[in-house]
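Take a look at the model below. Keep it in view while you read, and find each residue as it comes up.

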Amino acid sequence: MKFGHFDDQKKEYVITNPRTPYPWINYLGCEDFFSIVTNTAGGYSFYKDARLRRITRYRYNNVPVDDGGKYFYINEKGKVWSPGWKPVKTELDRYECRHGMGYTRITGEVDQLEAEVLYMVPLGYHGEVQRVKLSNRSDRKRSFSLFSYVEWCLWDALDDNTNFQRNFSTGQVEIVDSTIYHKTEYRERRDHYAFYTVNEQVAGLDSDREAFLGLYNGYDAPDAVMECESRNSHAHGWSPVASHQLNIELEPGEEKQLVFVLGYVEVPVADKFVEDQMINKEPAEKMMAKFRTAADVDRAFNELGNFWEDLLSVYQLEHPEKELNRAVNIWNQYQCMVTFNFSRSASFFESGIGRGMGFRDSNQDLIGFVHQVPGRARERIIDIASTQFEDGSAYHQYQPLTKKGNDAVGSNFNDDPLWLILGTDEYIKETGDWTILDEMVPFDNDESNKATLFEHLKRSFNHVVNNLGPHKLPLIGRADWNDCLNLNCFSETPGESFQTTENKEGGVAESVFIAGMFVLYGASYVKLCQKLGKEEEAERAMGHIEDMRKVVDEHGWDGKWFIRAYDHFGEKIGSDEREEGKIFIESQGMCIMAGIGLDDGRARTALDSVKERLDCEYGIVLNNPAFTRYHVQYGEISTYPEGYKENAGIFCHNNPWIMIAETLEGNGNAAWDYFRKICPPYLEEISDLHKTEPYVYSQMIAGKDAFKPGEAKNSWLTGTAAWNFYAISQYILGIRADHDGLLINPVIPEAWDGYTVTRKFRGATYRIEVSNPGHVSSGLKELILNGEKLEGNLIPICDAGSVNQVQVVLGK
Ligand code: GLC
Ligand code: GLC
């Protein structure tokens, strides 16, 4: 069952039934100011950091679901409704929500009165602009009131939700004309405030929640709205809000537009006040001046459209299947940008009050968008590397606002350091910017203790070499990529964190997954060394990698697949010897991507085992058989019911590793089959089962052992976005940025006739036409650049500004 449809021309998903199986969201903003908005106008805003600079309040896991947001109400002679259906839930004659690139447009219509709200965060702007268009489509005059509503958060979202003994007394606002300024804590240590304004004289205002709503009402029936009269309240403590009332008359056929701005302002400390404790409103007024009219909104909207057009134009596919085009050209790339911005911090599943930016997550997110915004990727790499410790280990997370490592979570996730090599290498391949390796980057954010980024990569590499276990495999530390394989945790106390509790100090558990990573990203490191002429270092590194390969051969192979790890007692995990968890996806993906077993048939055998034991209708599950009881020596993985999350859920993040592994085996049919199974646009028809948005990936789809296989959770913020884009664009469609040019190596289903990709790379444009006359999976018969035949599969870097025609003929 569907709840809407794609509008590819406009790059929008159009929801036509407000009762989606879960709130379907969009992200506004891609720089500093962000909003999350659902298809019924729920959600919240923040500046840079969802926890530390929360601008509007949100109550998670609410009843009814998703209550609270940027609401508008219309009261026409006692008939009350909202354009987004919620919160009033009056049945609408027409409802539509269009989620687009950085904006959302929600339209409702009742009795031929139409209200359209465009929500957007303009480029370079620290605020959300809402344009409300009211149209009288009837042949009679209409007079009604429009109410707006937002609820302020007292800045620190965690404290706001917990520290009521203080917070109920601190709320403060100022009101001037049509603007409500939120200034809680401004008198003391804060030098920022927020405001909510409309570009017209208002009939009334409210800034105290209780006055507006009435203590015992929900958002569906605020007193002020139901009685059609703002209370003109001024908040003193309790819960400050902001609401405007506008009385409107529309002649038949008449239309009226209003512009609301929800803004955030920082003021230099010396200029904080204008007079006795009154805030300096000048910067806010400047912001308001930018959006005085609907035409101002149009201009910003076009700018935003061009910005996205430009970003997405770097990789564009023309393929006979529309689902694939919309995934590759629009939604997957868009999701990559969103995960880049938020890591795992703010979604409808991540509360924005827990995690900041992840070290491993952010490096992986990078590989999905580095082609779009290389400049920002560069900055991100430096930010991440700055949280690394001298011994090469790293903070697991850091706060986006302070950019400092998060002490509460600490370090010792022993895969973390290696991801920095991946992120940096992908950046250099895309841009050719080798200067990044010379950047002086601090350790643990200590400006007095710096080394080049190259040195950081070396320490990442050495961190593995210096932390080997009894089999000479890498020690796993707290966990590797799988945060739920907590092999040194041994937790028997409720409430302990599986990630940060280590009851087995000096734990000796080892990871075959990290071994695979070391071989794979170690090779990237070697390549960087060679390119820099550091031959000796390259030799040394190659020696360690060779040793690791041998160790994997000796201790990492189970007969039909790669072992996953060794636990604290030296017992195998992910082995036929076990009752539960005999085989895991991660080590198959990582070891084969590293090339291990490609030359001796083991890779094929392992992939056949994946097919046989892990694959199901909805994707590849993480492990099998699922754990049916708690194994104290394995940790969190065995706490999840069978089929969910890391315990045999389809953890979409690592499905692409298997897709890539299949392409390395030349098996395009299998790679495509795995891709298609979890690719959101192909799941649109089963939205009622899948539940989450049909335009973005979710972290997890319930696996074959689950109560409800196929049901997804944790949409939007997941490494799945980057890895799937990486797999489809670089390994299946086979167009890959490399140090000296574009590598062309499609591995596709035999049935495909061909496709065209337009790729911008280092300033030049390449129009790459791939044809498959012999219906093969892989293998280049011909590669022609601007009419000239090339040997091999590398297109050299062409002049900046040039447009180049490339013909790729697949065949034997
Ligand atoms: C979550 C984490 C990620 C981890 C994965 C598997 O997605 O953000 O870091 O690798 O779970 O546990
Ligand atoms: C839980 C989740 C995992 C996540 C981890 C870190 O263990 O299952 O996906 O990475 O928490 O917060």
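This is a predicted model: local features need pLDDT of at least 70, side-chain atom pairs count only at pLDDT 80 or more; totals for chains, interfaces and linings use all residues.

**Ligand 1**

Start with the ligands. Ligand 1 sits in the largest pocket. Its surroundings include three arginines, Arg344, Arg355 and Arg360. Asp361, Trp481, Asn482, Asp483, Glu646, Phe651 and Gln699 surround ligand 1 too.

Some of these residues make polar contacts. Aspartate 361 places a polar side-chain atom 2.7 Å from an oxygen atom of ligand 1. Glutamine 699 also uses its side chain, with a polar atom 3.1 Å from a ligand 1 oxygen. Aspartate 483 uses a polar backbone atom instead, and that atom is 2.9 Å from an oxygen atom of ligand 1. How much of ligand 1 does the protein bury? On its own, ligand 1 exposes 310 Å², and the protein buries 97% of that.

**Ligand 2**

Around ligand 2 are Arg355, Asp483, Cys484, Gln499, Glu636, Tyr640, Lys645, Glu646, Phe651 and Gln699. Compare the two lists. Arg355 is one of the residues around ligand 1, and Arg355 is also one of those around ligand 2.

Again, side chains reach oxygen atoms of the ligand. Tyrosine 640 has a polar side-chain atom 2.7 Å from an oxygen of ligand 2. For glutamate 646, a polar side-chain atom lies 2.7 Å from a ligand 2 oxygen. Lysine 645 has a side-chain N or O atom 3.1 Å from an oxygen atom of ligand 2.

The table gathers the contacts.

| Ligand | Residue | Part of residue | Distance to a ligand oxygen |
|---|---|---|---|
| Ligand 1 | Aspartate 361 | side chain | 2.7 Å |
| Ligand 1 | Aspartate 483 | backbone | 2.9 Å |
| Ligand 1 | Glutamine 699 | side chain | 3.1 Å |
| Ligand 2 | Tyrosine 640 | side chain | 2.7 Å |
| Ligand 2 | Lysine 645 | side chain | 3.1 Å |
| Ligand 2 | Glutamate 646 | side chain | 2.7 Å |

**Backbone details**

Now turn to the backbone. Most residues other than glycine have a negative phi, and most peptide bonds are trans. Some places here depart from that pattern. The peptide bond from valine 63 to proline 64 is cis, and its omega is near -5 degrees. Proline 64 is in the loop between β6 and β7. Another cis bond runs from asparagine 624 to proline 625, with omega near -15 degrees. The loop between β33 and β34 holds proline 625.

Tryptophan 85 is not a glycine, yet its phi is positive, at about 70 degrees. Look for tryptophan 85 in the loop between β8 and β9.

**Charges and surface**

Side chains of opposite charge can pair when their charged atoms come close. How many salt bridges does a search of the whole structure find? The count is 66. One salt bridge joins glutamate 109 to arginine 94, with the closest N and O atoms 3.7 Å apart. This pair links distant parts of the chain: glutamate 109 is in strand β10, arginine 94 is in strand β9, and they are 15 residues apart.

Last, the surface. Phe164, Phe168 and Trp238 make a nonpolar patch of about 320 Å². Tryptophan 238 is in the loop between α4 and β18.

How values were computed: Residues are numbered from 1 along each chain as its sequence is written. Chains are lettered from A and ligands numbered from 1 in the order in which they are written. Side-chain values use heavy atoms; hydrogens and water are left out. Patches are made of residues with over 30% relative accessible area and no salt bridge: like charges are joined within 9 Å, nonpolar side chains (Val, Leu, Ile, Met, Phe, Trp, Tyr) within 5 Å. Accessible areas come from the Shrake-Rupley method with a 1.4 Å probe; for residues, only the protein chains shown count as cover. A salt bridge is a side-chain nitrogen of Lys or Arg within 4 Å of a carboxyl oxygen of Asp or Glu. Helices (H or I, at least four residues) and strands (E, at least two) are DSSP runs, numbered from the N terminus. A residue is near a molecule or strand if one of its heavy atoms lies within 4 Å of it. A polar contact is a pair of N or O atoms within 3.5 Å; within protein, one must be able to donate a hydrogen and the other to accept it, and residues adjacent in sequence count only if both atoms are side-chain atoms. On a 1 Å grid over the protein atoms alone, a cavity is a set of points where a 1.4 Å probe fits but cannot get out, and a pocket is an open set with protein on both sides within 12 Å along at least five of seven lines; lining residues have an atom within 4 Å of a point. A molecule sits in a cavity or pocket if more than half of its atoms lie within 2 Å of its grid points.
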